[in-house]
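Keep the viewer open as you read.

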Amino acid sequence: MKALVYGGPGVKSWTDVPDPVIVNPTDAIVQVDTTTICGTDLHILGGDVPAVQVGRILGHEGVGTITEVGASVTNFTVGDRVIISCIKSCGHCTNCTAGLFSHCLGDEGQSGIGWIFGHLIDGTQADYVRVPYADNSLHKLPDGVSDAEAVMLSDILPTGFEIGVQYGQVKPGDVVAVIGAGPVGLAAMATVGLYGAATVIAIDLDQNRLEQAREFGATDTVLSGAADWKERVLALTDGSGVDVAIEAVGIPQTFTMATEIVRPGGHVANVGVHGKPVELHLETLWIQNINISMGLVNANTTPMLLKLVAQKKIPADKLATHHFTFDQMLDAYDTFGRAAETKALKVVITRS
Ligand SMILES: [Zn+2]
Ligand SMILES: [Zn+2]
């Protein structure tokens, strides 16, 4: 089969590799119909994720059709259309039973980390992928949900919702700022209404992304390059700051921005994947009773989000801005890697 193979920092190829086979009775083999590229894949190619070994097939998001199931898989059969969750879950370890699928202790990957595709085992940017713990790590796709909508449920919609909205403890009437209007920031904006946010402020350096943000639920936008960006955000509150600041970029500056606009007693929900330490100004934050959260998605809200996507309550389709076929995988990387120029949100890559 063909797959996108990591060749070390800066090196990737769309090349021939052996087909995956069932290893454990809880595995399924899925023929990938649609996949996409995540900012995390770019981090890996940048050399920021040393756990990824040379030769690894990248990708942790995908939709496909089951072609083979292991002897103990009971929830799925050959021919089922499924969403592949970016997080595997054995379903019965202490962390899984606590809902912390992100730290599933199941022995695949040997690490206590739920994110294994395109990281510790081969991923979804391939013709076929082996899915461990298939019964708990796949979701059956109902009719009426397109592949392009469904692939947003592998990672970005649950990530924006769980780590941004839920960890940020958004409440009805809240003023919520989302720093970073990339795919995950937009996913947070698209789901923050579920908890009744009254005002949703999109903050980004890119005017184009701010315009896109309005289609995902932003009520107000602030260009972060403006000298008075902070005053503009505060003017949209009662003057004390936002109730919840969601950081969806992953660089020190944007984390600091989030701490600068949150009200006393408010929440900073960090969603961004950081590659460097951030400076945490405890000397000023402690007395403001600020709550700070962060995390890897559990993807335990995916079934609920899937229902909302099926009912067109979440505009998942609008995240799909560019379409490619598998043999254009490297073009898709190029387009996604130059998102500021190409205006790409998510690139959707289909079998053909
Ligand atoms: Zn991802
Ligand atoms: Zn587990």
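## Helix α5 against α11

In this predicted model, helix α5 (residues 156-166) and helix α11 (residues 302-310) have axes that come within 10 Å and cross at roughly 115 degrees. An angle of 65 to 115 degrees counts as roughly perpendicular, so α5 is roughly perpendicular to α11. The way α5 passes α11 is a right-handed crossing.

Who does the touching? On the α5 side, L157, P158 and F161 make the contact, and on the α11 side T302, M304, L305 and V309 do. Sort the residues of this α5 and α11 contact by class and you get six nonpolar, one polar and no charged.

## Helix α5 against α6

Helix α5 also packs on helix α6 (residues 183-192), at an angle of about 70 degrees and with the axes 8 Å apart. That angle makes α5 roughly perpendicular to α6. The crossing of α5 and α6 is right-handed.

From α5, the contact draws on I156, L157, T159, G160, F161 and V165. From α6, it draws on P183, V184, A187, A188, T191 and V192. The class tally for α5 with α6 is nine nonpolar, three polar and no charged residues.

Zooming out, the domain assignment of the protein chain gives domain 1 as 2-155 + 299-350 and domain 2 as 160-294. Taken over C-alpha atoms, the centres of domain 1 and domain 2 are separated by 27 Å. Their contact takes 18 residues from domain 1 and 16 residues from domain 2.

How much area do domain 1 and domain 2 bury between them? The answer is about 1,400 Å², with 64% of it on carbon and sulfur atoms. In domain 1, the residues that lose the most area to domain 2 are K318, L319 and L345, which together account for 31% of what that side buries.

You'll find K312 in the loop between α11 and β14 (320-325).

K343 is another residue other than glycine with a positive phi, near 60 degrees. Where does K343 sit? Look in the loop between α13 (339-342) and β15 (346-350).

Terms used:
Residues are numbered from 1 along each chain as its sequence is written. Chains are lettered from A and ligands numbered from 1 in the order in which they are written. This is a predicted model: local features need pLDDT of at least 70, side-chain atom pairs count only at pLDDT 80 or more; totals for chains, interfaces and linings use all residues. Side-chain values use heavy atoms; hydrogens and water are left out. Axes are lines fitted to C-alpha atoms, for helices over the stretch in contact, and angles run from 0 to 180 degrees between N-to-C directions. Helices (H or I, at least four residues) and strands (E, at least two) are DSSP runs, numbered from the N terminus. Angles under 35 degrees count as roughly parallel, over 145 as roughly antiparallel, 65 to 115 as roughly perpendicular and the rest as oblique. A crossing is left-handed if the near helix is turned anticlockwise from the far one by less than a right angle, and right-handed if clockwise. Contact means heavy atoms within 4.5 Å. Ala, Val, Leu, Ile, Met, Phe, Trp, Tyr, Cys and Pro count as nonpolar, Asp, Glu, Lys and Arg as charged, and the others, Gly among them, as polar. Domain bounds come from an automatic or database domain assignment. Buried area is the accessible area (1.4 Å probe) that two parts lose on being put together, summed over both.
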